[in-house]
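Here is a short tour of a protein model for someone meeting it for the first time. Have a look at the sequence and the 3D view, then read on.

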There are 2 protein chains.
Amino acid sequence: MNACIVAIGTELLTPFRVDTNSLVITERLNSIGCSVTAKTVVGDDVEALGRLLAGAIGSVDVIVCTGGLGPTEDDVTREAVARALNLPLDVDQAIEERIRARFTARGLRMASINRRQALVPRGAEVLENPNGTAPGLWLEHGQTVLVLLPGPPREMTPMLEAVIRDRLSSRAARTALFRRVIKVTGRPESDVDERTQPIYARWRSQPVPVHTTILASLGQIELHLTAEASSRAEADRALDPAVAELHEALGLSVVSVDGRTIEAVVGDLLRAARRTIAIAESCTGGLLTSRLTDVPGSSSYVDRAAVCYSNQSKVQWLAVPEALIAAHGAVSEPVARAMAEGVRASARASVGVGVTGIAGPDGGTPDKPVGTVAIAVATETGSRTHTFRFLGGREHVKDQAATTALNMVRLMLLRG
Amino acid sequence: MNACIVAIGTELLTPFRVDTNSLVITERLNSIGCSVTAKTVVGDDVEALGRLLAGAIGSVDVIVCTGGLGPTEDDVTREAVARALNLPLDVDQAIEERIRARFTARGLRMASINRRQALVPRGAEVLENPNGTAPGLWLEHGQTVLVLLPGPPREMTPMLEAVIRDRLSSRAARTALFRRVIKVTGRPESDVDERTQPIYARWRSQPVPVHTTILASLGQIELHLTAEASSRAEADRALDPAVAELHEALGLSVVSVDGRTIEAVVGDLLRAARRTIAIAESCTGGLLTSRLTDVPGSSSYVDRAAVCYSNQSKVQWLAVPEALIAAHGAVSEPVARAMAEGVRASARASVGVGVTGIAGPDGGTPDKPVGTVAIAVATETGSRTHTFRFLGGREHVKDQAATTALNMVRLMLLRG
């Protein structure tokens, strides 16, 4: 089974936007053994889109379109499909009622243009959108299935899941792509590559070959392992030893082998040990706590956090001695440690974290250039403190400092 | 003049890679007034690429292809072009000599497969590649120009610059695309559309037409206005009144007309009024403060923030009376107001913000379902409090609550 993906929206033809929906769609299609042969971005142009669809129908098994299902004049996907397949557009009363009810529930009045979203090319089936007003559509034409999904990822993704599960997987081939992700933190990409390269070359000649891709972003590296197999069990027989061998080679720098983020891993370690955490952050400005609290259920182990930009707040909330700040400067290991211990004591938490640094672009000195960050983790058994020098702009320094602090917490918890 | 962009490479059809060359190409084409009507990614497949090119030739002025010019069997761009245009492939001796010389200069022997890179569809002109072995190609066919560039960005970009400067700019219209962005918060997309649609329809028939695109994400809407003009001054004459008219129609919900984010706008308002801010957030978990502190220089007006998940932390750091929490619940307007006032007093800041809500997925009740968020802003002149119901998952509730809190601060500061 093969597919092409069409992203619709004039904004995706500017220098500012990339279509990322197609990555999610590709991943899900691959998971049922469906390969993607082309991806196209077109503007909100009924002619161009109609021509494209007319050309693609019949040449692939599945066409997945995203975008252009909103209520405005720009949204032309419904019209383009109707035109390409020469179908009339009917008003679906049930959709109109559902959209009206969504507005009413939020105390809003449905604008008349929303009625456009109730237009359906004759013969299409409606795909429900639990997170928005734009319904999706499913249309079969000869050997080709046309799936129309809305553009916003939070609306598109659950609808895609439902289409794959309920409609496409039964049509798919007998083999599928299985994938594992190993997340690594605290080693440079070149080091990870050097350690892993010699290992995985060998797997490519196995009966079920395992292919590996390395993806690096700031402070985090992912190894993606894929195997094409006729069953999960067959894939597991190839992937399990491969994952185990890489895990062994990379040791404690492996954060997870099951897709969990580092903040989820830290959360699981805290929960398993029935421990709580409190955070005192300065240069990360709330990002560290925000990432920790992105995890559902984090309120059971995150007690509190202080974002202390001013020195007074460090003194007042964290009981950092003023003399310590005066002696070492706000960005220093003694202050980071005092912040970690102070917030831990104030919250009576098991773990305290202190982060203080210079995110830039201003505030650097020859001694402490932009990117200098002191991080401390305090527990009942003592504390660890380390100073880092991160590269990049303000947001990158914040991001790397948050990841590194999470990693220090993870290692403290693992080491007991 | 219009163009389509084709990125060639099977790796660009995996879930891990996006084509980013097309963003650079779009920006450079736009700068000479050439708009991009479609972007396509295809694999290293001579049939599929040939079909695609055959379909595009004649329908656009320029086709820019990247990738597939390397020496391996996977690299099929030359063959596909020859096939699509029914041209023979000739060996270009000069290219072969140049590639051989590059290898010799590095003390290497040219592998025989590199000879493939010397194949040229008859009639094509060679574009030199200063950073690699793969030469580019320029081919005119009827009204369409075909530009073939290598995939690696460091090879592609300088060759693109040369093509734009030496070959395309003289064919281009004497015009360029100019763009403005209006950011709007606090209105649903359909409402913004209904208010603005009647206004901008008229501009399309002006001597310099202004085109508008609406882009919505959670709680934030962008209107992109573009004008094709021969100079910035001419574009300004069309865009300035258009921006002013939209600004007037949308009033205070316009966050910026110069690209600034809402957190930067809030920062500028605080700095201009020499005011400071302190934040007490619960369900947003640090995200509100993290966004405020993404702005360079924010340490001059952000004093501190408390992320108070536990009730004790609200009592201890923010002096929220325990009885208030017991009477109204932690997620309530009185508690949000007490948090805002408490953090403002503790920091002696001009503005205090309190956010308390249920981000989900657990913790909702029939009275206060997931997505219920109470937000308060307190200043020297009093406070405002409001309860919202946001839709979506945990991260989306956090995101919308943070944006809405920033918007309440912005409106309080604007109203004085």
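This is a predicted model: local features need pLDDT of at least 70, side-chain atom pairs count only at pLDDT 80 or more; totals for chains, interfaces and linings use all residues.

## Where the two chains meet

Between chain B and chain A there are three salt bridges, a salt bridge being a side-chain nitrogen of Lys or Arg within 4 Å of a carboxyl oxygen of Asp or Glu. K398(B) makes a salt bridge with D294(A), and their closest N and O atoms sit 2.7 Å apart. On the side of chain B that touches chain A, the residues split into 27 nonpolar, 26 polar and 15 charged.

Residues are numbered from 1 along each chain as its sequence is written, chains are lettered from A and ligands numbered from 1 in the order in which they are written, and side-chain values use heavy atoms, with hydrogens and water left out.

## More on the interface

The contact draws 68 residues from chain B and 71 residues from chain A, with contact meaning heavy atoms within 4.5 Å. About 5600 Å² is buried between chain B and chain A, and carbon and sulfur atoms give 56% of that. Buried area here is the accessible area (1.4 Å probe) that two parts lose on being put together, summed over both.

A strand from each chain takes part too: β14 (residues 302–308) of chain A and β14 (residues 302–308) of chain B run antiparallel and are joined by five bridges. Strands count as paired if DSSP finds at least two bridges between them. A305(A), for instance, has V307(B) as its bridge partner in β14(B).

## Chain A at a glance

Chain A has 13 helices and 17 strands. Both are DSSP runs numbered from the N terminus: helices are H or I with at least four residues, strands E with at least two. The C-alpha atoms of chain A fill a box of roughly 80 × 60 × 40 Å, taken along the principal axes.

Of the 416 residues in chain A, 54% are buried; buried means under 20% relative accessible area, exposed over 50%, and partly exposed in between (1.4 Å probe, protein chains only). Among the contacts in chain A with a separation of 6 or more, 67% come from residues 24 or more positions apart.

## A helix and a hairpin

Helix α2 (residues 46–56) of chain A has several buried residues: V46(A), A48(A), L49(A), G50(A), L53(A) and A56(A). What do the buried residues of α2(A) pack against? Their neighbours in chain A are β1 (2–8), β2 (35–42), β3 (62–66), α3 (77–85) and β8 (144–149). At the start of α2(A), D45(A) has a side-chain oxygen that reaches to within 3.0 Å of the backbone nitrogen of E47(A). Just after α2(A) comes G58(A), with a positive phi of about 95°.

Further along, β16 (residues 372–379) and β17 (residues 382–389) of chain A pair in the antiparallel sense over eight bridges. β16(A) and β17(A) form a hairpin, with two residues between them. V377(A) stands opposite R384(A) in β17(A).

## Salt bridges within the chains

Over all chains, the structure holds 51 salt bridges. One of them joins the side chains of R116(A) and E79(A) (3.4 Å, N to O). R116(A) is in the loop between α4 (93–105) and β5 (119–121) of chain A and E79(A) is in helix α3 of chain A, so the pair ties together parts 37 residues apart in sequence. R116(A) is partly exposed, at 22% relative accessible area, and E79(A) is partly exposed too, at 21%.

E263(A) and R291(A) also meet in a salt bridge through their side chains (3.1 Å, N to O). E263(A) belongs to helix α8 (residues 262–272) of chain A and R291(A) to helix α9 (residues 287–292) of chain A, so this pair links distant parts of the chain, 28 residues apart. E263(A) counts as buried at 10% relative accessibility, and R291(A) counts as buried at 9%.

In chain B, R122(B) and D90(B) form a salt bridge with the closest N and O atoms 2.9 Å apart. Back in chain A, salt bridges that share partners join E27(A), R28(A), E161(A) and R179(A) into one network.

Terms used
Ala, Val, Leu, Ile, Met, Phe, Trp, Tyr, Cys and Pro count as nonpolar, Asp, Glu, Lys and Arg as charged, and the others, Gly among them, as polar. A polar contact is a pair of N or O atoms within 3.5 Å; within protein, one must be able to donate a hydrogen and the other to accept it, and residues adjacent in sequence count only if both atoms are side-chain atoms.
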